[in-house]
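User: I'd like to talk through the aromatic side of a model. Here it is.

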Amino acid sequence: MKKCMIIGCGGVASVAIHKCCQNSEVFEGIMIASRTKSKCDALKEKLQPNTKTIIETAQVDADNVDELIALIESYKPDVVLNLALPYQDLTIMDACLATKTHYVDTANYEPLDTAKFEYKWQWAYRERFEKAGITALLGSGFDPGVTGVFSAYALKHEFDEINYIDILDCNGGDHGYPFATNFNPEINIREVSAKGSYIENGKWVETEPMEIKRVYNFKGVGEKDMYLLHHEELESLALNIKGIKRIRFFMTFGQSYLTHLKCLENVGMTSIEPIMYEGREIVPLQFLKAVLPDPASLGPRTVGKTNIGCIFQGKKDGKDKTYYLYNICDHQECYKEVGSQAISYTTGVPAMIGAMMIMTGQWNKAGVYNIEEFDPDPFMDALNKWGLPWEEDRNPVLVD
Ligand code: NDP
């Protein structure tokens with residue numbers, strides 16, 4: 001029986017689990033293992049009556065390698081899909097190594113005390129995964145994830161070399177709150193309050209947070225302000241896509257979100273430095289997470305669409321060429337299908353597909369790889385089949 005162990009049972013995991021249950025031919029068995037077992041049990045109760053996938057649940061502290069090893073040894077999954085937080089990436093990779101089990105995640109490791117997204121910690125496992133004969137697939141969400149698959153696809157079918165990539169992540173959704181984050185608030189705020197950066201001619205160029213702003217008219221959404229952010233896939237794509245001269249990442253933010261964020265920053269609420277409060281050490285950002293709306297609760301209230309994709313500029317047969325690949329996803333449609341908004345949906349679907357690529361052997365090479373290092377074609381087909389159809393534009397408006 002083909003089995004997948006899913007670690008974490010939050011917003012993204014819930015979508016991936018729904019999708020695994022729709023795809024019982026591949027996912028004959030899944031184990032949902034997370035810190036709070038009651039969440040895993042509730043999801044099992046909801047999904048088991050309507051799926052052939054046999055669902056098991058377990059409690060696990062994914063910071064504890066021995067606990068993970070014991071659980072993996074008892075369930076014997078073909079692959080572990082890590083949908084906990086980036087802080088758990090290395091302990092889960094250690095447990096996969098010890099049990100010779102394939103590994104998939106959606107976000108790169110980040111130490112708790114430094115908000116810095118880098119692949120160096122996970123790339124350091126390359127030789128050990130190769131020797132163990134197992135695969136680690138890094139970054140199988142939307143961005144990173146589908147953006148890497150889009151890049152590999154564009155290079156394979158449309159270009160001889162790609163010189164410029166602009167990744168545009170637009171969330172045109174409205175949840176009606178003055179301030180809330182669409183996924184884990186701690187991870188989200190760490191990401192957007194960090195300095196921006198992009199890669200030009202092989203070097204990182206750093207900007208102040210939100211320093212570079214552009215306006216773009218997104219199909220399905222309309223005109224939005226977007227800001228240049230640091231994003232983890234820039235690092236791997238700059239190495240893996242032939243001919244890259246510049247690669248940037250932009251994300252849209254509404255004015256209300258930015259004004260609230262600025263205020264929270266100014267009063268110190270987004271800090272990750274622990275402080276003493278009434279005799280107890282607390283991290284302001286973690287406290288803020290506790291008072292903000294739970295991203296999972298945004299599903300029923302969010303209306304509108306997301307549009308995420310990549311604009312490529314490069315050369316084909318000696319001629320300049322531009323090409324835009326993107327997906328439009330509707331918050332309410334996602335909610336109807338799996339009970340989550342589009343941000344969790346656009347991450348959870350590719351997470352399921354990444355695990356499927358490994359379980360079916362369509363992607364099969366030992367070592368630690370970013371997603372663009374695999375053949376994009378079966379993944380692109382699966383996106384169309386499993387709820388994230390892509391569109392192309394051969395004459396897109398460029399970002400200056
Ligand atoms: P949530 O906070 O909703 O869920 C995280 C889950 O992990 C929770 O169920 C939590 O348990 C569990 N967890 C946390 N720590 C541990 C631990 N030590 N042991 C076991 N379980 C643990 O986050 P999201 O679902 O929004 O995000 C999940 C991942 O997806 C993150 O890594 C995020 O960075 C990534 N992501 C990637 C995107 C992409 O496009 N590539 C986009 C969006 C997110 P509990 O229920 O007890 O809190």
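Rings and charges

Analyst: The charged end of K365 lies over the ring of Y369, 4.6 Å from its centre, where "over" requires NZ of Lys or CZ of Arg within 6 Å of the ring centre and within 35 degrees of the ring normal. This is a predicted model, in which local features need pLDDT of at least 70 and side-chain atom pairs count only at pLDDT 80 or more, while totals for chains, interfaces and linings use all residues. Residues are numbered from 1 along each chain as its sequence is written, and side-chain values use heavy atoms, with hydrogens and water left out.

User: And what sits over the ring of Y75?

Analyst: The charged end of K3 does, 4.6 Å from the ring centre.

User: OK, switching to ring pairs: how many aromatic pairs are there?

Analyst: The structure holds 17, a pair being rings of Phe, Tyr or Trp (its six-membered ring) with centres within 6.5 Å, counted as stacked if the planes are under 30 degrees apart, edge-to-face if over 60 and tilted for the rest. One of them is Y227 with F253, whose centres are 6.2 Å apart and whose planes are at 50 degrees, so the pair is tilted.
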